[in-house]
Amino acid sequence: MSTPLADTTNPDLGLLYAVNGLAKSSPPWLDHLVSWIGEYGILIGLAMLGLVGWLQARRRPDAPVAIAGLLWVPLSVAVAELANLPIAAIVNRPRPFVDHSGLLVLVDGKAGTHSFVSDHSTMTMGVAVSLFLVNRRLGWIAGGLALLQGFCRMFMGVHYPTDVIGGYALATAVVLLLAPIAMAVLVPLCHALTRTAVAPLIRAPERGGAPRGGRRGRERGAVRPDEQPPESDLAA
């Protein structure tokens, strides 16, 4: 038996019907497109943003710190998804189409799974917030994609608006609350990796081939990675 949270308030259910109603009046090709975007496309787009962020972070003066911030992006998403497991089990909210007729469901295989909180919304907002801490421009773009993700999940008829909002809140809390602990571990790790064979993954080599901060850099008075002052703001 579902919990009282399954008995949605009128604004929650009304907004779902309004957004999902757009799918009923849309041509089939648009429904298929939104379904693909909401299920896979936005996640692929966020992965591409992460790749761009990595390419840019390697060339920053504080490259090890920036790369550490980027490593926190997938790690924070994983932690948020793990945190969602007990939340979903305790709330035990069924998908909206289980309790309410008249919804057009655009994706199969969701029956029998939990609705609160939205996994897709959690993942996308987790990426957006953690990426914003490293690169504000990319973070704003990711935030727009996260908002689009929430709209798509309601358009597809598989989540209530409060499922989406809950995912956003969970991801934001995990990213911001645990970021100091994560960076305390990841920053020294990335500094250590600059002295190993994987250094090019952390700091981009200079055009002449020598890693930044190497002998050529020191001859010009460059600061070694382990001597750089701590960054109070990772965002570019």
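Q: Why is the crossing of α2 and α6 called left-handed?
A: In this predicted model, the crossing of α2 and α6 is left-handed because the near helix is turned anticlockwise from the far one by less than a right angle.

Q: What makes α2 and α6 roughly antiparallel to each other?
A: The axes of α2 and helix α6 (residues 136–155) cross at roughly 165° and come within 9 Å. Angles over 145 degrees count as roughly antiparallel, and α2 and α6 are therefore given that description. By class, their contact has 14 nonpolar, five polar and three charged residues.

Q: How do you know that α2 and α3 are roughly antiparallel to each other?
A: Helix α2 (residues 28–57) packs with helix α3 (residues 63–91) at an angle of about 165°, and their axes are 9 Å apart. The cut-off is over 145 degrees, so α2 and α3 count as roughly antiparallel. The crossing of α2 and α3 is left-handed.

Q: Which residues make the contact of α2 with α3, and how many of each class does it have?
A: On the α2 side they are G53, W54 and A57, and on the α3 side A63, A66, I67 and L70. Six residues in this contact are nonpolar, one is polar and none is charged. Gly counts as polar under this scheme, whereas Ala, Trp, Ile and Leu count as nonpolar.

Q: What is the make-up of the lining of the second largest pocket by class?
A: The lining has 13 nonpolar residues, one polar residue and no charged residues. This pocket has a volume of about 240 Å³. Its lining is made of 14 residues, and those closest to the centre are G50, L70, L71, V73 and P74. At least two lining residues come from each of α2, α3, α5 (119–132) and α8 (199–202).

Q: What is the omega of the cis peptide bond between F116 and V117, and where does V117 lie?
A: Omega is about -5° for the cis bond that joins F116 and V117. V117 is in the loop between α4 (96–99) and α5.

Q: What is the phi of N92, and where does N92 lie?
A: Phi of N92 is near 55°, which is a positive value in a residue other than glycine. The loop between α3 and α4 holds N92.

Notes:
Residues are numbered from 1 along each chain as its sequence is written. This is a predicted model: local features need pLDDT of at least 70, side-chain atom pairs count only at pLDDT 80 or more; totals for chains, interfaces and linings use all residues. Side-chain values use heavy atoms; hydrogens and water are left out. Axes are lines fitted to C-alpha atoms, for helices over the stretch in contact, and angles run from 0 to 180 degrees between N-to-C directions. Helices (H or I, at least four residues) and strands (E, at least two) are DSSP runs, numbered from the N terminus. Angles under 35 degrees count as roughly parallel, over 145 as roughly antiparallel, 65 to 115 as roughly perpendicular and the rest as oblique. Contact means heavy atoms within 4.5 Å. On a 1 Å grid over the protein atoms alone, a cavity is a set of points where a 1.4 Å probe fits but cannot get out, and a pocket is an open set with protein on both sides within 12 Å along at least five of seven lines; lining residues have an atom within 4 Å of a point. Grid points are joined across faces, edges and corners, and a volume is the space filled by probe spheres set on the points.
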